[in-house]
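Hi everyone, thanks for making time.

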Amino acid sequence: MSQEKTISQIIDEAKKSILDFDENGAENAANEALKLGYDINEIIDKGFLEGMKAIGDMFEEGNACLTHIFAAADTMDAGLAVFQDCEEYNKLSKNMAVELVGEGQRDEKIDVLEIMFRINGYDVVEIPDNVPIVDFLEKDEAFDKIPDSCKEEIMAKVAAHPGVTTFQLCEM
């Protein structure tokens, strides 16, 4: 008879999987959390995201390279994929950072920025140059949930500055 793991043990395994770039370990920690009915928010926040923050700190200190950040992000994605069909995961707030890039204009800086947003809990969505930001905003579920006065203000700013990016829009 196997002994059930505590949530702390599974959180530690999730964090360790990120630090070891162990996709199977991340999947196992996530599966075990689901099987035992543990709060997936805790597994994500205290396990996967803390592991990503530790890798980010190592990068800032010069003890990790970009390859490590990308490998850790792939590991986290493997663990989070286990939760994709979980109702609790799908109810989590999904923040978005939007980048408007032309074909072939991606570089390491954009990739690092995307990873940093993901580490901090944002979903990152790319919008091609040929898709107006207004079209994206109107289709975004989060846009439906904000007050009408805010929607009007956002749309007025977008109309006044058609080339504005989401980042610039937030600063206006």
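Let me start with a term: a nonpolar core here is a set of buried Ala, Val, Leu, Ile, Met, Phe, Trp, Tyr and Cys residues joined through side-chain atoms within 4.5 Å. Keep in mind, too, that what you're looking at is a predicted model.

So, which residues touch the most other members of the largest nonpolar core? They are Ile 18, Ile 43, Phe 48, Met 52, Met 76 and Phe 83, out of 26 residues in that core. As for where the core comes from, α1, α2 (23-36), α3, α4 and α6 (108-119) each put in at least two residues. The largest share belongs to α3, with seven residues.

Okay, stepping back to the whole chain. We've got 172 residues, and 33% of them count as buried. There are ten helices and two strands in the protein chain. Reading from the N terminus, the order goes α-α-α-α-α-β-α-β-α-α-α-α. And if you take contacts between residues at least 6 apart in sequence, 69% of them join residues at least 24 apart.

Now, helix packing. Two packed helices are described by the angle between their axes and the distance between the axes. Let's do that for α1, with two partners.

Partner one is α3. Helix α1 covers residues 7-19 and helix α3 covers residues 40-60; they pack at about 30°, with axes 8 Å apart. Angles under 35 degrees count as roughly parallel, so α1 is roughly parallel to α3. Their crossing is right-handed. Who's making the contact? On the α1 side it's Ile 7, Ile 10, Ile 11, Ala 14, Lys 15, Ser 17, Ile 18 and Leu 19. On the α3 side, the residues include Ile 43, Phe 48, Met 52 and Ile 55. By class, this contact has eleven nonpolar, three polar and four charged residues.

Partner two is α2. Here α1 packs at an angle of about 160°, and again the axes are given as 8 Å apart. Anything over 145 counts as roughly antiparallel, so that's what α1 is to α2. This time the crossing is left-handed. From α1 you have Ile 10, Glu 13, Ala 14 and Ser 17, meeting Gly 25, Ala 26, Ala 29, Glu 32, Ala 33 and Leu 36 of α2. Sorted by class, that contact has six nonpolar, two polar and two charged residues.

Last stop: a couple of residues in α4. Find Gly 79, which lies in helix α4 (residues 66-81). Is Gly 79 buried or exposed? The relative accessible area of Gly 79 is 0%, so this residue is buried. Setting aside residues up to four places away in sequence, Gly 79 touches Ala 26, Glu 27, Ala 30 and Phe 48.

With 0% relative accessibility, Thr 75 counts as buried, because the cut-off is under 20%. What does Thr 75 contact, leaving aside neighbours within four places in sequence? The list is Ser 17, Ile 18, Phe 21, Asp 22, Glu 23 and Ala 26. We've already met Ser 17 in the contact of α1 with α2, and Ile 18 among the core residues that touch the most other members.

That's my tour. Over to you.

Technical notes
Residues numbered from 1 in each chain as written. Predicted model: local features only at pLDDT ≥ 70, side-chain atom pairs only at ≥ 80, totals over all residues. Heavy atoms only, no water. Axes fitted to C-alpha atoms, helices over the stretch in contact; angles between N-to-C directions. Helix = DSSP H or I, 4+ residues; strand = E, 2+ residues; numbered from the N terminus. Parallel < 35°, antiparallel > 145°, perpendicular 65-115°, else oblique. Left-handed = near helix turned anticlockwise from the far one by under 90°. Contact = heavy atoms within 4.5 Å. Nonpolar A, V, L, I, M, F, W, Y, C, P; charged D, E, K, R; others polar. Buried < 20%, exposed > 50% of the residue type's maximum accessible area, 1.4 Å probe, protein only.
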